Amino acid sequence: MVIVAVIPYIALKVLWLAGSTIGLVDAAVLTEMHSTRMVVGNNVTIMLELLAVALALALTSSWGQRVPGWIMLVVGAGASGLLAPIILGLPIGSILQLIVQGNVRTGGMDDMNPWVFATVYGGFGILAIGLAFLAWRYAMRRWGDLLDAVPPPPPAWAILVGAVGLLPFGVAMVWWGLAGPGDNGPQAMDAVVQRTTLIMTGLLAVGGFVMPLWSEAAKKAPRLASVVTWAGCTTAVLQAPTQVLLANGGNPTRLLIVIGLLTIPGASVYGLVVLRQYLNFGPNPRQSITGSTLSGRL
């Protein structure tokens, strides 16, 4: 399913890079497609799609269980951080926009045929659902005991770092999703489906911060708590630079840059501290994330 989902997207990108005007309403748009920013962006997204295929193969193959855990965690963090807001925001936002506006077009889609939107974002949605299912099954097999743990809250210093890294970003995304990007938010994100994705991004970030501190919820549903924490921290770390790089044609507002500079290190440190808590206080406590006892797990 994952492989099928990425084929149309990669094919379109390759055709555009090769000079084709397929899917474009105006051939003049091809000039923009060959700008340095778009060429680099298209090549990067093609590589990310191929990396998603490699991840899917690792998640479903026996050799994937022998890949060092830290590699799977890094690649999985990238995938979940980029796709979690899509898997939550795209279907809800598309339905809302279809009801309100009668279409699911977004900013920048006027230069493309409607089927391009359906192909690209439909593929993203299928990719996100497929990888989420495969990653959950993989994690249950390899780290199920850790996901059942209820570690203590992070230390006070980590909570402070996490608050600085996750809360401003989360609140800003929710606000811009509800009120619109205005002058300071991510420009060209005015469509209902885009604003819904911003809201989901913000809610994930806030949930990633709150969940490790909410011991009662963790005790009742430890696996759900671990998923929310993971998705929230990875979403903040990946979406903050994504907004900076892609907003307003590569010209982000100052506020977006400042929030990004706070979010990336803050959310990264908080997420790693929470991960260490799981490793050290799970059913089989580990004394160090680099110790020999853990080497087979990570």
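**Exercise 1. Decide whether Met-33 is buried or exposed, and place Met-33 in the chain.**

Solution. Step 1: the relative accessible area of Met-33 is 4%. Step 2: compare this with the cut-offs, where buried means under 20% relative accessible area, exposed over 50%, and partly exposed in between (1.4 Å probe, protein chains only). Met-33 is therefore buried. Step 3: Met-33 belongs to helix H2, residues 29–33. Helices here are DSSP runs (H or I, at least four residues), strands are runs of E of at least two, and numbering starts at the N terminus. Step 4: Thr-21 lies 12 residues from Met-33 along the chain, with 9.8 Å between the two C-alpha atoms.

The model is predicted: local features need pLDDT of at least 70, side-chain atom pairs count only at pLDDT 80 or more, and totals for chains, interfaces and linings use all residues. Residues are numbered from 1 along each chain as its sequence is written, and side-chain values use heavy atoms, with hydrogens and water left out.

**Exercise 2. State the secondary structure of the protein and the share of residues that count as buried.**

Solution. Step 1: the protein has 10 helices and 0 strands. Step 2: along the sequence this reads α-α-α-α-α-α-α-α-α-α. Step 3: the protein has 298 residues, and 46% of them count as buried.

**Exercise 3. Find the salt bridge and say where its partners lie.**

Solution. Step 1: apply the criterion, a side-chain nitrogen of Lys or Arg within 4 Å of a carboxyl oxygen of Asp or Glu. The structure holds 1 such bridge. Step 2: the partners are Arg-223 and Asp-148, whose closest N and O atoms are 2.7 Å apart. Step 3: Arg-223 sits in helix H9, while Asp-148 sits in the loop between H5 and helix H6 (156–179); the two are 75 residues apart, so the pair links distant parts of the chain. Step 4: check accessibility. Arg-223 is partly exposed at 33%, and Asp-148 is partly exposed at 38%.

**Exercise 4. Classify the aromatic pairs by geometry.**

Solution. Step 1: rings of Phe, Tyr and Trp (its six-membered ring) pair if their centres lie within 6.5 Å; planes under 30 degrees apart count as stacked, over 60 as edge-to-face and the rest as tilted. The structure holds 2 aromatic pairs. Step 2: Tyr-138 and Trp-143 have ring centres 5.9 Å apart and planes at 70°, so this pair is edge-to-face. Tyr-138 is buried at 2%, and Trp-143 is buried at 10%. Step 3: for Phe-209 and Tyr-270 the centres are 5.4 Å apart and the planes at 35°, so this pair is tilted. Phe-209 is in helix H7 (residues 192–210) and Tyr-270 in helix H10, 61 residues apart. Phe-209 is buried at 9%, and Tyr-270 is buried at 0%.

**Exercise 5. Describe the second largest pocket and the largest cavity.**

Solution. Step 1: on a 1 Å grid over the protein atoms alone, a cavity is a set of points where a 1.4 Å probe fits but cannot get out, and a pocket is an open set with protein on both sides within 12 Å along at least five of seven lines; lining residues have an atom within 4 Å of a point. Grid points are joined across faces, edges and corners, and a volume is the space filled by probe spheres set on the points.

Step 1: the second largest pocket holds about 1400 Å³. It has 45 lining residues, and Leu-73, Ala-77, Ser-80, Trp-230 and Thr-234 are the closest to its centre. H4 gives the largest share of this lining, 12 residues.

Step 2: sort that lining by class, with Ala, Val, Leu, Ile, Met, Phe, Trp, Tyr, Cys and Pro as nonpolar, Asp, Glu, Lys and Arg as charged, and the others, Gly among them, as polar. The pocket lining has 37 nonpolar, 7 polar and 1 charged residues.

Step 3: there is 1 cavity of 30 Å³ or more. The largest cavity has a volume of about 120 Å³, and its lining has 11 nonpolar, 3 polar and no charged residues.
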